[in-house]
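Visitor: Hey, I'm new to this one. Can you walk me through it once it's on screen?

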Amino acid sequence: MHVASWFQKCIEILIFYDFQEELVVRPLHSGDIYASFQFRTLWETDFMRGNKVSHYRLFPKSLGQVISKFSVRELHISFTQGYWRTMQWGQPYLPSPPGAELWVWFQDSVTDVDATWKELTNVLSGIFCASLNFIDSTNTVQPSASFKPLGIGNVTDHRFLRYATLPREIVCTENLTPWKKLLPCGSKAGLAVLLKSEKLFHSSFHSQAVHIRPVCQDWQCKTTSWELRQTLNVVFDLHNSGQGKREWSLFKMFSRTLTEACPLASSSKIYIDITDNPEGEQFELSPATSLLSQAMVLGDRRTFSVYDLTQQDTFGSVRSLNLLIRWKSTEGDMLRPLLHAERYVAGYGLQTGEIHTLMYNHHPYRSFPVLLLDSVPWYLRLYIHTLTVTSKGKDNKPSYIHYQPSKDRVRPHLLEMLVQLPPNSVTEVTVQFERALLKWTEYTPDPNHGFYVGSSVISSLVPSTVAMDTNSTRERPLFSSFFPCKEESSYFVRVYTEPLLVNLPTPDFSMPYNVICLTCTVVAVGYGSLYNLLTRSFQIEEPSPGLAKRIANVIRKMRGVPPL
Amino acid sequence: MKTHVLFNLFATFLLADGLNIEDSAGQFFSSGHTNNWAVLVCTSRFWFNYRHVANTLSVYRSVKRLGIPDSHIVLMLADDMACNHRNPKPATVFSHKNMELNVYGDDVEVDYRGYEVTVENFLRVLTGRLPPSTPRSKRLLSDDRSNILIYLTGHGGNGFLKFQDSEEISNVELADAFEQMWQKRRYNELLFIIDTCQGASMYERFYSPNLMALASSQVGEDSLSHQPDLAIGVHLMDRYTFYLLEFLEDIHPASKANMNDLFKVCPKSQCVSTPGHRTDLFLRDPGSVLITDFFGSVRKVEITTEAIDLTDPIKEVEERPANGDVHKEMHSYVDQLPVSEIIHQNGKLCATSTNKMSLCCFHGDVSECEMQLPRGLGVEGPP
């Protein structure tokens with residue numbers, strides 16, 4: 001009786017909670033290596049009901065309280081250092097722009113979205129040790145078509161969506177520390193022991209993110225659970241971390257090896273992408289493993305060698321796992337990514353300029369639509385009448401434009417366009433702008449560094465070479481199940497451009513001091529002299545007599561005779 | 001007379017007994033504080049001020065090692081040196097050449113960073129007048145039994161300390177902030193350490209009780225930096241904090257070292273400048289103040305051998321959602337890029353938006369638009 005009830009409780013807990021961790025390693029053609037960690041916690045609970053949730057097991061309490069207090073439906077926050085080079089590295093599993101990015105869908109029960117958004121950013125800045133409190137109305141936008149919810153839901157009223165980026169935000173150990181503390185096993189067991197900051201930040205690209213959304217629990221999708229995904233993408237450079245040798249191992253990348261899986265995890269796996277290495281002619285992988293897995297990810301069918309950390313024999317006799325990837329040949333080229341974007345500022349001087357955004361479609365015969373989202377701060381005054389979209393030299397009219405002009409010191413520009421990219425072409429979007437003069441107190445302490453303009457976001461449905469998997473609840477590796485897939489012939493991808501660094505006309509900050517000194521001097525000298533001239537009275541003074549005369553006067557005084 | 005003597009004897013006996021109890025209680029709570037806080041501020045920006053960040057992080061490291069938890073430390077760093085692109089070893093900040101000691105560590109939580117370190121924020125943290133949405137980790141939640149350590153470093157002058165190359169805090173403002181803290185009973189005792197040029201000028205104007213202050217140099221003297229590292233390319237630490245760190249590395253939570261030892265840190269032969277201190281506002285004798293009263297979070301523990309009965313365990317009420325729920329509709333994922341819906345969204349957007357300035361319809365009814373469209377992207381109709 002006792003045992004049965006305990007067993008039943010166990011089953012209940014298994015249904016309620018689930019934690020999975022995985023690491024995907026993809027050797028890149030340039031000799032670099034791309035590692036992507038994903039930690040997913042599933043929890044079947046209802047934050048929105050009246051009774052407050054109080055018993056947290058695997059789901060971190062700080063995030064649970066944030067969700068229930070601010071009626072959050074979806075929360076996506078990412079911190080990135082470095083820029084993802086699509087042409088050299090391919091597409092990332094989870095894209096992110098440089099700096100910090102936060103976008104949130106609120107529940108439709110929220111009455112004042114802006115006030116809730118402001119409080120939410122402050123609370124998150126405390127949780128993640130980041131300056132997210134600088135997110136205010138001057139850098140928040142409400143996209144009208146991009147950033148549809150990634151979780152389940154029917155309501156897509158964009159009034160409840162807010163999006164903001166802080167391109168200047170620095171990512172360092174102080175952001176990684178609270179991120180690691182959200183994991184059920186912390187950084188003590190499982191894949192998270194590999195996350196050592198000294199190695200992770202000595203890389204070409206580092207991105208950590210937290211994604212919270214409601215997901216389907218079963219194929220019927222009648223019950224929902226909350227999913228918390230913590231992801232960490234890092235690209236190690238061949239020359240910086242690899243010392244020039246095309247040989248990578250877990251110890252070389254992370255200065256640690258694995259000894260056990262996280263005991264709270266139901267699955268703990270490592271996937272190595274061996275699609276370009278079917279016969280082992282490109283690189284050699286050791287220790288050998290017999291587990292193979294195939295997954296449809298990023299429009300391609302990829303093959304992976306799998307290491308299951310929940311099996312004891314993965315660790316071998318030495319009780320530790322150190323994967324080794326040794327390159328044998330450097331031939332072969334990479335599949336060119338179909339969608340790629342760049343952005344830069346053209347022009348000269350400190351008054352005007354032009355923003356150019358280039359979108360490349362490398363597909364030989366298919367065209368596809370892209371949705372471009374641009375959020376430009378108010379101090380770059382865009383002239384939308386100069387907006388041009390050209391492909392292959394001809395005008396390309398967007399089928400949808402949404403433009404919200406900026407208001408000085410209140411909100412930024414928002415430009416969203418749906419553009420059809422012709423096959424094998426470059427589409428160029430240009431718009432001219434003028435730089436504004438800020439007030440003296442609005443400049444940062446280091447204004448000569450420049451001011452950042454956040455990355456453009458390009459969302460697109462790219463045609464895929466293989467049929468994508470649309471069954472969302474089948475057992476799939478985490479990296480292939482992030483973006484929901486509705487149709488088989490295309491997959492959703494999001495590409496971020498570079499952020500721009502723009503110099504605004506910077507005043508000389510010592511001028512107030514100079515002006516005060518100069519004015520006071522002029523006033524003192526000018527007015528003082530005038531005052532003296534007007535009010536001084538002159539008296540005639542006898543010049544003092546010479547020495548001989550003075551002696552003669554003294555003798556005459558002694559004689560009693562009047563002086564000379 | 002006799003009764004008088006008897007009465008006196010009786011009174012003294014009672015008094016002595018009372019004193020005994022009070023004495024032992026007094027020994028137990030000799031310092032009078034129950035919790036410790038630390039506010040560590042680095043006010044300098046730019047890569048060549050690496051040493052100021054290293055100073056602050058060394059004190060942070062010592063304070064954490066001696067027991068003050070992150071929740072009781074407000075760490076303000078005006079610039080990021082560890083992940084600065086000029087740092088040849090990212091995620092590290094070294095205090096000694098040959099890169100012996102990484103004071104940045106693996107477990108650091110910075111509360112105020114970058115542009116947030118301003119005079120206004122610093123004074124707000126001290127006085128507690130923060131906006132209501134400020135998270136707990138950014139607040140100084142001290143009470144009247146808290147001992148607070150305040151450490152400032154950066155570039156300073158006679159009577160002021162420069163914040164981030166754009167503003168400064170004067171010694172009068174600082175003294176007034178401490179007086180506000182005293183009047184609101186936000187501290188029990190406060191130790192103020194400053195490592196800047198002419199640092200002694202910053203504590204000249206204090207007038208609140210229970211303040212002890214240390215500075216790295218007198219008025220008219222400059223505090224000097226310790227040594228450069230050729231690989232990193234900048235000076236790694238200031239002399240005063242370097243020798244302070246060396247002194248603190250020898251302190252452990254049970255140490256009995258007192259403030260007089262701290263005053264002797266970095267004499268003129270090592271520091272080139274003359275460190276100063278001020279104890280006239282402090283009520284206790286500095287020789288009786290332990291270092292761990294401010295730098296550590298030492299709790300007095302009394303061991304008891306009594307057994308305590310715990311009550312029955314609380315029954316956890318596991319809420320099973322959707323048990324009695326009748327409505328179970330099919331949920332589905334949202335289409336990420338619904339092209340046709342977006343194109344036809346124009347009509348809806350034009351009609352329902354309350355913000356007239358925000359529209360630019362293209363495919364729908366243009367007459368509802370407030371904006372003039374450019375010629376090329378104009379109103380001819382579908383492409």
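Visitor: Where does B:Phe46 lie?
Guide: B:Phe46 is in the loop between β1 (35-42) and α2 (50-65) of chain B. Those labels are DSSP runs numbered from the N terminus, with helices being H or I of at least four residues and strands being E of at least two.

Visitor: And what phi does B:Phe46 have?
Guide: A positive one, about 85°, although B:Phe46 is not a glycine. Most residues other than glycine have a negative phi.

Visitor: OK, some ground rules, please.
Guide: This is a predicted model, where local features need pLDDT of at least 70, side-chain atom pairs count only at pLDDT 80 or more, and totals for chains, interfaces and linings use all residues. Residues are numbered from 1 along each chain as its sequence is written, chains are lettered from A and ligands numbered from 1 in the order in which they are written, and side-chain values use heavy atoms, with hydrogens and water left out.

Visitor: What pLDDT does chain A average?
Guide: Chain A averages 89, and 96% of the residues score at least 70. pLDDT is the predictor's confidence in each residue, from 0 to 100.

Visitor: Where in chain A does pLDDT stay under 50?
Guide: Over residues 10-14 of chain A, for which the model has two contacts beyond four places in sequence. Contact means heavy atoms within 4.5 Å.

Visitor: Back to chain B. At what angle do α3(B) and α4(B) pack?
Guide: About 25°, with the axes of α3 (residues 119-127) and α4 (residues 171-183) of chain B 9 Å apart. Axes are lines fitted to C-alpha atoms, for helices over the stretch in contact, and angles run from 0 to 180 degrees between N-to-C directions. The two helices are therefore roughly parallel (under 35 degrees counts as roughly parallel, over 145 as roughly antiparallel, 65 to 115 as roughly perpendicular and the rest as oblique).

Visitor: Which residues make the contact?
Guide: On α3(B) they include B:Phe122 and B:Leu126, and on α4(B) they include B:Ala177 and B:Phe178. By class, this contact has eight nonpolar, two polar and one charged residues. Here Ala, Val, Leu, Ile, Met, Phe, Trp, Tyr, Cys and Pro count as nonpolar, Asp, Glu, Lys and Arg as charged, and the others, Gly among them, as polar.

Visitor: Now chain A: how do α2(A) and α4(A) pack?
Guide: At about 175°, with their axes 11 Å apart. That makes α2(A) roughly antiparallel to α4(A). A:Ser62, A:Val66 and A:Lys69 in α2(A) meet residues of α4(A), including A:Leu120 and A:Val123.

Visitor: How many strands are in the open sheet that has β5 and β12 of chain A?
Guide: Eleven, in the order β5-β6-β4-β3-β7-β8-β2-β1-β10-β13-β12, with mixed pairing. Two strands pair if DSSP finds at least two bridges between them. β5 (140-141) and β12 (292-297) each have a single partner strand, so one side of each is left without a neighbour in the sheet.

Visitor: What about β3(A) and β4(A), which sense do they pair in?
Guide: Antiparallel, over eight bridges. A:Thr80 stands opposite A:Gly99 in β4(A).

Visitor: Which strands does helix α5 of chain A lie across?
Guide: β2 (33-43), β7 and β8 (224-236) of chain A, and α5(A) runs at about 30° to β7(A).

Visitor: Last one: is the peptide bond from A:Ser286 to A:Pro287 cis or trans?
Guide: That bond is cis, with omega near 0°. A:Pro287 is in the loop between β11 (283-286) and β12 of chain A.
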